[in-house]
Amino acid sequence: FNLPMISYFCTDYEATDKRNFPTFARTRPPDTQISKSVASVLLAFNWTQITFFYLNSNEFEFGKIGQTIMTVLEESGVQVTLTRCWSQPYHHGYMENPFLKMVQETYQDTRIYLILGHHYEHLGLMLALEELKLLENGEYWVVGVDIEQYDVDLPEKYLHGLLRDDTDLRVTRAYRNYFGVVPSPPRGFDNFTHQVNAYLEKPPFSFPNPLVQFGGFKTIRAEAAYLYDAVHLYARALIVILSEGGDPRNGTDVIARIKGSHYMSAMGYMVYMDNNGDAEGNYTLLSRMPLERKPHEYGLYPAGIFILGENGNGLPKLRLTSMIDWGPRGRPPIAVPPCGFRGERCISHTMEILGGVTGALCLILVLVSLVLYRNWKYEQELDSLLWKVDFKDILMNDSEQTPPLGTKIAKAIHPLIRTSQVSLSSNPDADFRYSSIYTPVGIYKGRVFAIKKVAKKSVDITRNMKKELKIMRDLRHDNLNSFIGACTDPPNICIITEYCTRGSLKDIMENEDVKLDNMFVASLVADILRGLIYLHESSLHWHGNLKASNCLVDSRWVVKLSDFGLTEFKSGSDVFHHYLQHTFFIPHEDQTYCKCEGLLYRAPELLRVSTSVQGEGTQKGDVYSFGIILYELHSRKGPFGDSSQHMTADILKKVIHPDPAGPPHRPPLDLLENSFDYVRECLKECWQENPEDRPDIKTVRTRLRPMRKGMKPNIFDNMIAMMEKYANNLEVLVDERTDQLVEEKKKTEALLYEMLPKYVAEQLKRGHKVQAENFDCVTIYFSDIVGFTAMSAESTPLQVVDFLNDLYTCFDSTIEHYDVYKVETIGDAYMVVSGLPVRNGDKHA
């Protein structure tokens with residue numbers, strides 16, 4: 001009916017279920033509300049594992065309350081490990097104590113007891129614990145719960161049995177380890193009682209008070225205060241609904257206004273209405289304290305209150321109002337001992353621990369030994385100078401026979417250099433057998449290696465240099481030019497590296513005979529990226545000198561990066577130069593020429609630091625250099641679009657000192673109109689003036705991944721794949737042509753058999769001479785068409801042909817049934833013979 005109902009008397013827990021009672025609320029707290037305060041006490045002292053005792057009798061509501069308490073504790077994270085019940089109320093001194101047995105069954109697996117029942121039953125549990133001497137050192141604690149309102153006038157009654165006034169010292173001693181949770185007493189109920197009596201004497205009630213002449217008044221029950229609270233809440237909700245223009249008869253809206261509100265009860269304290277429409281109630285925490293009038297005796301006094309509606313978890317918050325006597329330990333007991341209830345967490349594992357410690361020490365000793373051995377081996381490798389090469393072991397050409405770099409070298413001068421080992425010539429007129437060599441080469445241990453001179457008078461081999469040379473010797477990758485060794489004996493100080501037979505990318509790009517299609521460029525770019533990624537992830541961390549002339553190409557068209565590392569070895573050289581003699585040097589203003597094209601690949605921030613020496617590189621600087629190479633591969637017009645030497649110095653000045661008002665000076669992108677958009681965007685990112693804005697090399701690889709879609713790892717594999725594809729297509733084509741040839745051969749044979757006897761045709765096909773034969777007796781048949789000449793004159797040529805074709809086809813089908821051979825048809829004459837070429841005796845007659 002959607003009518004609001006606010007009860008002042010109902011305490012049944014089932015009315016809390018709003019699925020069945022959606023418009024029901026009550027101002028008298030249900031007995032189950034005390035469960036939230038119990039959970040608050042346990043959580044306040046971190047007692048999350050307890051044993052629960054409660055009275056389970058049909059005569060009292062404790063059974064239902066106990067079930068509610070266990071549900072709330074489970075939801076709050078408090079574990080009830082053990083549960084015990086008793087069925088009849090216990091009266092101390094009049095019957096056997098049932099708690100003694102329950103404690104004996106549970107004390108080894110718990111430290112905190114929760115008991116629900118009458119206050120005089122709590123006494124039995126405390127005496128059982130005291131009798132078993134479990135309360136002496138403060139390890140055990142009891143939380144008692146009673147639904148009877150706290151008696152302010154008789155706090156000592158809680159330490160006495162029912163109808164007993166004698167003081168038992170054991171009880172007094174035991175209750176030091178006890179908390180009680182009970183409903184709070186009213187604070188202003190006397191004033192409410194006087195006002196109710198006064199209004200009863202006034203109209204319309206006009207109820208006389210016969211005790212007024214004696215100074216007395218009529219006793220008012222607590223339910224009257226709950227009735228007053230119900231009317232107060234209803235009136236307050238109606239005021240809000242009417243002010244908002246709502247329907248006062250809407251029970252759902254009325255109850256919604258009541259839920260979650262606070263109000264001052266006629267009982268004298270603040271009350272909170274929870275989300276189920278139940279008054280939370282007001283409860284008090286009791287603790288043992290001396291009596292005010294008899295300090296040597298004790299009673300239970302309020303030691304804490306519960307603040308309603310403050311916690312986000314729906315539980316009231318406990319606030320202590322008095323000091324708690326925690327016994328000899330001086331602190332609250334813990335719910336679970338550190339070693340467990342039965343010491344299971346502190347089981348002695350002396351031998352296991354000793355074995356573990358011994359094993360750990362052995363392991364540490366082994367690790368230390370391995371580290372020491374590794375360091376010793378590393379030092380031995382450094383001192384062994386495996387990289388050192390004796391210059392006498394290198395077979396070099398005599399100086400008078402060695403032509404200038406870049407000229408033709410005959411095979412007579414270099415007898416051990418095969419045609420496949422010489423580089424690609426920049427001169428298009430050069431014969432492939434006598435190609436140009438752009439770097440000094442020498443023969444070491446039967447192989448041809450590149451020899452790079454270092455312009456130093458002497459080399460002081462330091463430990464850092466040894467480490468540097470060892471790192472270079474250990475670096476091995478398909479896209480890195482392998483470091484073979486170094487000579488340190490003056491004046492032949494040089495570096496020996498693997499010789500790449502096809503020169504460098506610079507040679508290839510300057511050779512107009514080499515056509516760089518998309519597959520070619522993609523393969524070269526992928527090789528450079530793989531080499532850079534390996535360098536960036538190695539102990540070198542960067543290349544520092546990346547440019548087209550340092551990207552060498554071997555016989556399989558695989559790019560190998562060179563001229564990286566060895567900073568310590570090269571430092572102090574008289575003239576620092578790169579591979580292919582491109583020096584880091586910008587001329588003074590009075591000079592007119594400089595050979596410093598290699599600087600065009602260097603990042604602006606590195607150029608501003610140093611141009612005369614290589615200096616330290618950076619990964620972002622390598623990304624910039626890669627961008628210049630990528631541009632040069634697509635444009636083939638030099639690193640900045642024009643390879644003329646006289647512009648190099650001007651370009652470098654613009655790069656080092658950019659115009660603040662304009663963009664930084666970079667190669668023009670107009671030459672890349674036919675390139676992919678992602679290539680141009682990648683170039684722009686690699687050329688960013690701020691190094692932090694440039695992508696790392698792995699990101700660059702991701703940007704350029706579409707270039708290699710569907711391709712093999714290197715160009716050689718791509719070429720082989722193309723050849724295999726062509727071969728497969730060629731096989732299919734050959735099969736088709738063979739089938740056609742067989743068909744044509746069949747047609748030719750059929751025509752040949754029409755023209756000649758079969759045995760004669762077979763002899764001719766085998767290339768044999770056909771011998772003439774003599775047939776003694778044959779029968780020859782001639783036919784002719786009467787009047788054919790006149791008929792032909794009156795008919796068209798096609799009519800004549802059709803007529804003869806039909807006639808001779810009929811003849812042919814007829815003679816197939818006889819042993820005759822068709823010799824010839826001439827005009828209208830038809831000639832057949834029997835008895836040849838296969839003799840048939842006289843059957844032909």
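This is a predicted model: local features need pLDDT of at least 70, side-chain atom pairs count only at pLDDT 80 or more; totals for chains, interfaces and linings use all residues.

A search of the whole structure finds 34 salt bridges. Here are some of them.

**Stop 1.** Select Glu 280 and Lys 36. They form a salt bridge, with the closest N and O atoms 3.4 Å apart. Now colour by secondary structure. Glu 280 sits in the loop between β9 (270-272) and β10 (283-290), while Lys 36 belongs to helix α1 (residues 34-44), so the pair ties together parts that are 244 residues apart in sequence. Is Glu 280 buried or exposed? Glu 280 is buried: its relative accessible area is 6%, and the cut-off for buried is under 20%.

**Stop 2.** Move to Lys 157 and Asp 151. Their side chains meet in a salt bridge, at 3.5 Å from N to O. Show the surface around Asp 151. This residue counts as partly exposed, at 22% relative accessibility.

**Stop 3.** Select Arg 257 and Glu 244. In this salt bridge the closest N and O atoms are 2.6 Å apart. Arg 257 is in helix α8 (residues 251-258) and Glu 244 is in the loop between α7 (222-243) and α8, so the pair ties together parts that are 13 residues apart in sequence. Check the surface again. Arg 257 is partly exposed at 33% relative accessibility, whereas Glu 244 is exposed, with a relative accessible area of 52%.

**Stop 4.** Finish with Arg 28, Arg 221 and Glu 223. Select them together: a network of salt bridges links these residues.

Definitions and conventions:
Residues are numbered from 1 along each chain as its sequence is written. Side-chain values use heavy atoms; hydrogens and water are left out. A salt bridge is a side-chain nitrogen of Lys or Arg within 4 Å of a carboxyl oxygen of Asp or Glu. Helices (H or I, at least four residues) and strands (E, at least two) are DSSP runs, numbered from the N terminus. Buried means under 20% relative accessible area, exposed over 50%, partly exposed in between (1.4 Å probe, protein chains only).
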